[in-house]
Amino acid sequence: MAGKIIEIRGVSKQFKNAQAYAVDHVSIDVSRGDFITIMGTSGSGKTTLLKMINRIHELTDGNIFFEGQNIHDLKVEAYRKKIGYVIQQIGLFPHMTVAENIAVVPKSLHWGKDRIAARASELLSLVHLEPAIYKDRYPSQLSGGQQQRVGLARALAADPEIMLMDEPFGAIDAITRQVLQDELLAIHRKTGKTVLFVTHDLHEAFRLGDKVIIMNEGRVQQYDTPYNILFHPANGYVAKLVASEDIIEKLKVLRADSISTPVQVTPDGRVPRVLANAPLSAVLGKFMETGAPQIYVEDAQGRIEGSILWNSLQSIASLRTEGAEYFV
Amino acid sequence: MSKPGLDTLLLGTLEYIDTHQAAFLAAIQRHLLLFVIVLLISVAIGVPLGMASAKRPIFSAWALNIFSALKMIPSLALLMVFIPILGVGFLPAMIALIVHALPTILINTYTGYSQIDEAILENATAMGLTEREILWRVETPLALPLIFSGLRTSSVDIIATTTVAAYIGAGGLGEFVIVGITNMNSVIMLAGSLTVAAIALIVDFIFSLLQRRLIRYQIA
């Protein structure tokens, strides 16, 4: 299953009547199954980069390869059907019910009626909307959070190879956003889909991404794991972005599974547990609360993925961000 | 002549209609025929033109301006303008009525297609739908409520203006109104105008029922 699904090679974008490049010679590989967040301020080129992948924007320069094929040579409609697309404005079709919205791409691919209905129910369950209650509702009858769940289900409808998400939770209240983030992570684990997720929120980028692309002024500043970006920033811009003297702040944005190691022995039932996507600050809390020397990291189904020793958490606290000399 | 009461007037009107049934039915038929033909031709021209205007900004600049201007011309003036060119009769009346009805249909169609949320269209494109699929499965259903309200407005308008078109020989219920006015006979005038009003109300009601079905998704 591994291998590169997307290869971006020297890609640039210059919009009409714009002097500067929106995206400036970007080269990135995306491996199959990765959850990658693209983080930057507005105008950093993150959304433009994302929208070049499904050819909403055409490239000015460079090439993008999908499963080894230049996307410019692919039939654009067929190619786009392999890509799920979720945006902040949601953009559900208001004249279609929830089930009809989900059915759009499958219908266009000439799936049978029964298969489409079964798929809609399956996906609504996946995004935690009871199919019997929601499938015949219109988007205007749903809350913003529910609408974006449908948006997610619709994007997944034809079992795409890759999901492109442009600040999908940007317009959703903080509490619902966190619930949706957790569910997205669970869906990613369950389906193994490749996800490219654009956000301007550093916490969200670190919380969701296995790897994070930091962009500024159209260029990739760093493409690495949250841990490495925090403790080994590639340049002054990144260092400044993640700069925080406060160790708790750093623990808040790193996930438990970023420092956990596989469990060697038979799991001990008495060892306290945290969820894999819990922040390390929660792990710290657990250590303080229980006084245990070790904590297990488990997935949503309760399977143990690894463990964190008190010593390894403590060693993070003593790490200094490299490149502190960037700050003057 | 003493002023008759309202009840006498209405009773007289009903009696007049009853005693002139054949002429009355023929007038209604003629009125409705003109209405249906004018509406169909206006839709056949106005809807595609409105769609094209929404899709091609260069096109919309002149099409919308011309038709907005046409809309300003009072209906009676418009009818008279055609007399020197086409003479009088059914055909000139029909053409004048089409010119009168077209702007509303065209402008509503244009607005219907133009007001669709960008995000919805971007999603449709990103989902890999072809332009044709987007037009028929997304854009047209979303434009339909506004197109339809244009039809409804201009339908009532056509029915009313057809009455005036009797002045240039269109026939229809307007003839009763004209005869009534020239002879200072309120009963004949009312027989014509009340029937026109009733037809307009009925047509409007039918459209409102259809409209409610069309936009059921908006009544959440």
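Q: Which residues of α3(A) are called buried?
A: They are A:Val98, A:Ala99, A:Asn101, A:Ile102, A:Ala103, A:Val104, A:Val105 and A:Pro106. A residue counts as buried if 20 or more other C-beta atoms lie within 10 Å of its own, as exposed if 12 or fewer do, and as partly exposed in between, with C-beta atoms placed from the backbone. The model is predicted: local features need pLDDT of at least 70 and side-chain atom pairs count only at pLDDT 80 or more, whereas totals for chains, interfaces and linings use all residues. Residues are numbered from 1 along each chain as its sequence is written, and chains are lettered from A and ligands numbered from 1 in the order in which they are written.

Q: What makes helix α3 of chain A mostly covered?
A: Eight of the eleven residues in this helix, residues 98–108, are buried. The buried residues of α3(A) pack against α4 (113–126), α5 (131–134) and α6 (144–156) of chain A. After α3(A) comes A:His110, with a positive phi near 65°.

Q: Why are β6 and β10 of chain A said to stand at the edges?
A: The open sheet has six strands in the order β6-β7-β8-β3-β9-β10 (chain A), and its pairing is mixed. β6 (83–87) and β10 (219–224) of chain A each have a single partner strand, so one side of each lacks a neighbour in the sheet. Neighbouring strands of this sheet are turned by 15° against each other on average, direction ignored.

Q: How do you know that β3 and β9 of chain A pair?
A: Strand β3 (residues 35–39) and strand β9 (residues 211–216) of chain A share four bridges in the parallel sense. A:Met39 has A:Ile214 in β9(A) as its bridge partner. Helix α1 (residues 46–53) of chain A packs on the sheet, where it touches β3, β7 (162–166), β8 (194–199) and β9 of chain A, and its direction makes about 150° with that of β8(A).

Q: What makes the pairing of the sheet β11-β12-β13 (chain A) mixed?
A: This open sheet of three strands has mixed pairing. Its edge strands are β11 (273–275) and β13 (304–309) of chain A, each of which pairs on one side only. β11(A) and β12(A) run parallel and are joined by three bridges, whereas strand β12 (residues 294–298) of chain A pairs with β13(A) in the antiparallel sense over five bridges. A:Val297 in β12(A) is the bridge partner of A:Val274, and A:Tyr296 stands opposite A:Ser307 in β13(A). Four of the five residues of β12(A) are buried, which makes this strand mostly covered.

Q: Where do domain 1 and domain 2 of chain A lie in the domain assignment?
A: Domain 1 covers 4–240 and domain 2 covers 250–317; the bounds come from an automatic or database domain assignment. The centres of domain 1 of chain A and domain 2 of chain A, taken over C-alpha atoms, are 29 Å apart.

Q: How many residues of domain 1 of chain A are in contact with domain 2 of chain A?
A: Twelve residues of domain 1 of chain A are in contact with eight residues of domain 2 of chain A. Contact here requires that the C-beta atoms of two residues, placed from the backbone, lie within 7 Å. α7 (174–191), α8 (202–208) and α9 (226–231) of chain A each supply at least two residues of the side of domain 1.

Q: How many residues does each chain give to the contact of chain B with chain A?
A: Chain B gives 17 residues and chain A gives 19 residues. On the side of chain B that touches chain A, the largest share, six residues, comes from α7(B).

Q: How do you know the angle at which helix α2 and helix α6 of chain B pack?
A: Axes are lines fitted to C-alpha atoms, for helices over the stretch in contact, and angles run from 0 to 180 degrees between N-to-C directions. On that basis, helix α2 (residues 21–55) and helix α6 (residues 90–114) of chain B pack at an angle of about 40°, with their axes 7 Å apart.

Methods: Two strands pair if DSSP finds at least two bridges between them.
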